[in-house]
Amino acid sequence: MVRAASKRKALAETRVKEAPKIESLKLSEKELENEEDLLGNIASSDDDSEDSDDYESSEEEQLGDEEEEEEEQSNEETGDSANSGGSDYESSDAGPSRELISEANEELPDNDKDEYESGDTSDEEDLRNTVGKIPMHWYDDYPLLGYDWDGKPILKPERRDELDNFLKRMEDPNFWRTIRDPSTGQDVILNEKDLALIKRLQERKIPNPDHEEYKPWVDWFSSKVMTTALRPIPESKKSFLPSRSEREKVSKMVHALKMGWRVPRAELEAQRAKEKEEGPKFFDLWSADGDDEMKRRGIIDHIPAPKRTLPGHAESYNPPAEYLFNERELELWHKQSETPWKRKWHFVPQKFPSLRAVPAYPRFVKERFLRCLDLYMAPRTRKNKLTIQAEDLLPELPDPKDLQPFPTAQSLIYTGHSDIVRTICPDPSGQFLVSGSDDCSIRVWEVSTGRCLKIIAAGAEVSSVAWNPSSHLSLLAVAAGKRLLICSPQVGSTEKLTATDELLAVPPEVDSTTVVPERVQTAVKWEQAEGKDWDDGHRVVVTHFKDLKQAVWHGRGDYLAVVVSEGLNRSVIVHQVSKRRSQIPFNKARGLVQAVQFHPVRPMLFVATQRSIRIYDLVKQQLVKKLMTGSAWISSMAVHPGKLVFLGK
Amino acid sequence: MVNRKKKYEAGTAQRYITRKSAMKKLQLTLKDFRKMCILKGIYPREPSNRRKAQKGKTGVKTLYHAKDIKFLSHEPMIWKLREYKIFARRMGRARAIRDFEKVHQYIDSHPTLTLDHIVRERYPTFVDAVRDMDDCLTLCFMFSTFPSIKHVRRDFSALCRRLTVEFMHYVMAARALRKVFISIKGYYFQADISGQTVTWIIPHVFPYKPESKDDVDFRIMSTFVEFYTVMLGFINFKLYHSLNLYYPPKFPVSSKDAENKLLVDQDVFVSERIAALNSNLLNSDGSANEYVEEEFDMDDIHLTDDPEKIAEAREERDKVKNLKTLFKGLKVFVGREVPREPVVFVLRCFGAEVSWDPLLFVGSTFDEHDTKITHQIVDRPSLDRTYLSRYYVQPQWIFDSVNARKLLPEVDYLMGKTLPPHLSPFTIVRDGQYQPPEEQALREGVPFKPQVLEEEKSEDEEESENDEEAGDDDDKEEDVNSDDDDDDDDDDDDDDDEEEENEDSDEDEDEEAKAISSKELKVKQMAVKAGELAKENPRQQQIDEAAQLRLRERMIARKHRKLYKSMMKGRRSRQHEINLLTKKRKAIDEETKAAKKKTKKKKQPADK
């Protein structure tokens, strides 16, 4: 308690002391607002001091003694009176404040000399605030201003009232230059130097009085180049040390030189000059001629460029006179400048009297250039050169003389038919000829005389007649309309005729076991000719489902093949006369059948469609061969006993 | 899922690749692609079916073989080109920022193309390379005459010059030249090198003239030459070594040369001497190279059993053997108006000793006053001072003699005379080709004596004989002329007679026929008469034959009809050409003859 009381006393004393000082400085402080930064701790505003007062009071409250509280309250209530009361014992107990003042300002005015003046500062209390450079208003609400070196709080000095201030002003001659240090709350008396400084600032002069304003100007950083660089910044340490990266580079270079990887520039230049002088180096490139590895490499399927054609006489500097152009040719040559490929020669032949008169050829460079273009730009291909002559293309024709004798004149005309004759067929002996016509009749002629021996009515337009090839029989097959008539020609040897008639007079007995297929039954109907028909010469009549196109005998004379037009898969029908039986050999229609033919010797059937011929083996019942003819439309066919087939287009 | 076969995924479409896609594949610009194609010898192909090859696209595209492009893609040179691109970019930048130290540094490490491996790759054997030498030589010879222009640097043309001169030295040393021809375009030379026929052209003087870029792109040509120089260098090396010659060429130094040598730069001296083409080169053992007749017995080789062919080959060999030493023993002085290089080259190729005016070019070996000179080549109408001991002939004599493979009589080629036509040795005799009478005579081995020229010649001979004598022997000349005229007339008469005889025979036949018919009329009694030969009317026969031919032509298969027609058309046009030329020749001959007679007639009264 005692300690606290004494402290409070001390504080009050300092307050009393400080108050007039601050007031006196009020004016100057306001003026110095601008220079606040320069002065640092010296300046402080009135508000601050007032705030600090509040703060003191709160601190006192914190201390918490009732007595003190009462005192405080009374203090506040009384205000100035309390302060004035406190100022009584100020003079008696002013020791510490004086000490403080002397400590803050070493050069005190003469009248403030004290015991420490001799220099003995051993027991001097160093009052410093240790809070650092912080805004002091943070401490406004506290009774203290900070802490000193020993960690003890620096309490805010007591606030002096107006009266104290007035008294102090009256008494203290240094009052006008006493200010409060905001960090410590102590009064500080400004010395002469400070005052001078403040004065200079007020006058807006440079604070340093020694500053020479008008001294001669030295231009350090001028355009003049100095021997040693004048830099505003000091040289770094790095700049004095050898560079590591450079050292590495240099060592690499040195190594390269040592190993011979790198050549010094001078040496290199000398080497180059020498090379240039010597020209390119040549050596025996083809020492290992025909190296397989080299042969393999290269252009695929290489086509060497054709050589240029060699010049003829016309290109000579002194050509034979006939090669020179006359006026007309020259005019033509010039006219063909648009179409130069049509020109006879690509140059105008010229004749010079002597070699020395021959000038350089104006298009020489251009021609070389065009050749170069040809070499790398013209597409190449292999073309076969014709080695044949035009004559080789001509076909060899037989001389007409070699083909003689051939009939050259008309000798006989067989007259009698009233309409177009569609078909003729000679007798196997060659004595007779049978013809079929659109006048619905067939006639039998004697070949040698042209006499008509027999006329047989066919009942429809005759499309085909065929003489039976058998030597024992005398029979005709006539295709007339839908009917196939098997007739007796009623000419020739009577023996043969009677034999044939006997053979056909009685139809063979129908074998009940054999079943005629439906296909055949609907297509063909056999009939025996009787009565008038028999007398006319008809022997057997076979009626078909459609018109007939052709009738052909087999070599033995028993079988007969007919072609039914538009018969589709029943186009070809084979009849057996002796048994009055029919077969349809093909199930499928393979094109429109144009003609059929039996092989004269072998068991083969030739069937001609529009474009191809099929050859069937009759024994094996299978297709042997298919011949593609290449003709557009086969109309007729004949088979040679050898291997030939003749076609009619 | 069925693997459906898509169009253009196999076959022709995959075999070819368009230029654009090739460039894309190789990642090259057109310029670089072009360069690669030229250097590697890759060319477009003509497909058998263009529509398929272009994958159905219309228009004509440049198509390359896909495998060729694949082959090209493996070429390390492509990387060099890319390096070069980088180099150019760096240089451009360094130049732009004026960093000349860098510029020098880049130039020092400048990427260079080496083409050695390409030569080997394109020509796996030496013979392949020789076979493809024609274009190489012609282009190098042309470039060797070029001045320094944008895409052809001075050292480039100098290299061409060096290589071509080396090549000519080889041809001289090997006696490989076979045919020569002076054309309006230049000098054609044909040589037989390693069994291959190589033909090249040396242009007439100063062939270079500035060309517009559309006309001639020197950059492309210089790319070609870039490759050709390398190729020619390697070929030269091989050729020199095949003859046991030192390469690069050296020549033996005489004491006289040594004096001159002190005055000039060593290299220039050597290169000039070599360019003079007038000295034998050094063998690799240090001795001077001399041509040695190789003893090669062809009888040992029997490629064919056909005796005719063997005989033919043997004859040819003998002729070539003669040709190689055609000018041996001749000492020729070349006048200064004559184009020196080709003339010296040809003369030296066949063993002549040659010299020229020392002021004209270095390397002359003897001077004009040498009495041992047999021939002097002059290309001017007259000379002030002439020697009796030598022939003054025009340069065409050399060329014609080489082509004839024998020394032609100098009289036709004497100084100031009108030259006989210079014929091409490259023509092949075949049907449908016009042969001028001179060529026919040459092939038959008979000296050509046209009537007009013959007259002239006799006169000239007279004159030349009388040259030295001051006076003219008028009477003699007249006599000769009159003789000639008589001869001509006789010839004409003979022709006429023959024609008449023909006519006569025709008439005789007619008369006989008439007589027979009259006799038949008279005698109508039965009698046995001597049989008569059925006479065939040739005209009727011709008509029949023509009819037969027409019938046969009609029977030509449709497939061949067009071909036959075009062949016949070509034949007709060729025949037309022949007729035209013969007609022209006849007219010209007659004209000259008439002119000659006219002048003679004028001359005669004056003489009298």
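Student: Is R380(B) buried, exposed or partly exposed?

Tutor: R380(B) is partly exposed, with a relative accessible area of 28%. Buried means under 20% relative accessible area, exposed over 50%, and partly exposed in between (1.4 Å probe, protein chains only).

Student: What sort of model is this, and how are residues numbered?

Tutor: This is a predicted model, in which local features need pLDDT of at least 70, side-chain atom pairs count only at pLDDT 80 or more, and totals for chains, interfaces and linings use all residues. Residues are numbered from 1 along each chain as its sequence is written, chains are lettered from A and ligands numbered from 1 in the order in which they are written, and side-chain values use heavy atoms, with hydrogens and water left out.

Student: Back to R380(B). Which residue does R380(B) meet in a salt bridge?

Tutor: The partner is E337(B), at 3.1 Å from N to O. A salt bridge is a side-chain nitrogen of Lys or Arg within 4 Å of a carboxyl oxygen of Asp or Glu.

Student: Where in the chain do E337(B) and R380(B) lie?

Tutor: E337(B) is in the loop between β6 (331-334) and α16 (340-349) of chain B, and R380(B) is in the loop between β8 (375-377) and β9 (391-393) of chain B. They are 43 residues apart, so the pair links distant parts of the chain. Helices (H or I, at least four residues) and strands (E, at least two) are DSSP runs, numbered from the N terminus.

Student: And E337(B), buried or exposed?

Tutor: E337(B) counts as buried, at 18% relative accessibility.

Student: What about E439(B), which residue does E439(B) pair with?

Tutor: E439(B) forms a salt bridge with R443(B), and the closest N and O atoms are 2.7 Å apart. Both residues belong to helix α18 (residues 437-444) of chain B, four residues apart, about one turn of the helix. E439(B) is buried at 4% relative accessibility, while R443(B) is partly exposed at 44%.

Student: How many salt bridges are there over all chains?

Tutor: The search of the whole structure finds 37. Across the interface of chain B and chain A there are eleven.

Student: Which residue of chain A meets D108(B)?

Tutor: R265(A) does, in a salt bridge of 3.3 Å, N to O. D108(B) lies in helix α7 (residues 100-108) of chain B and R265(A) in helix α10 (residues 265-278) of chain A, so the pair joins two chains. D108(B) is buried, with a relative accessible area of 16%, and R265(A) is partly exposed, at 40%. Another bridge between the chains pairs K366(A) with D215(B), with the closest N and O atoms 3.5 Å apart.

Student: How many residues does the contact take from each chain?

Tutor: Chain B gives 112 residues and chain A gives 88. Contact means heavy atoms within 4.5 Å.

Student: What area is buried between chain B and chain A?

Tutor: About 8,600 Å², of which carbon and sulfur atoms give 63%. Buried area is the accessible area (1.4 Å probe) that two parts lose on being put together, summed over both. R120(B), I184(B) and K185(B) supply 10% of the area that chain B buries against chain A, more than any other three residues.

Student: Changing topic, how many helices and strands has chain A?

Tutor: Chain A has 16 helices and 23 strands. Of its 649 residues, 37% count as buried.
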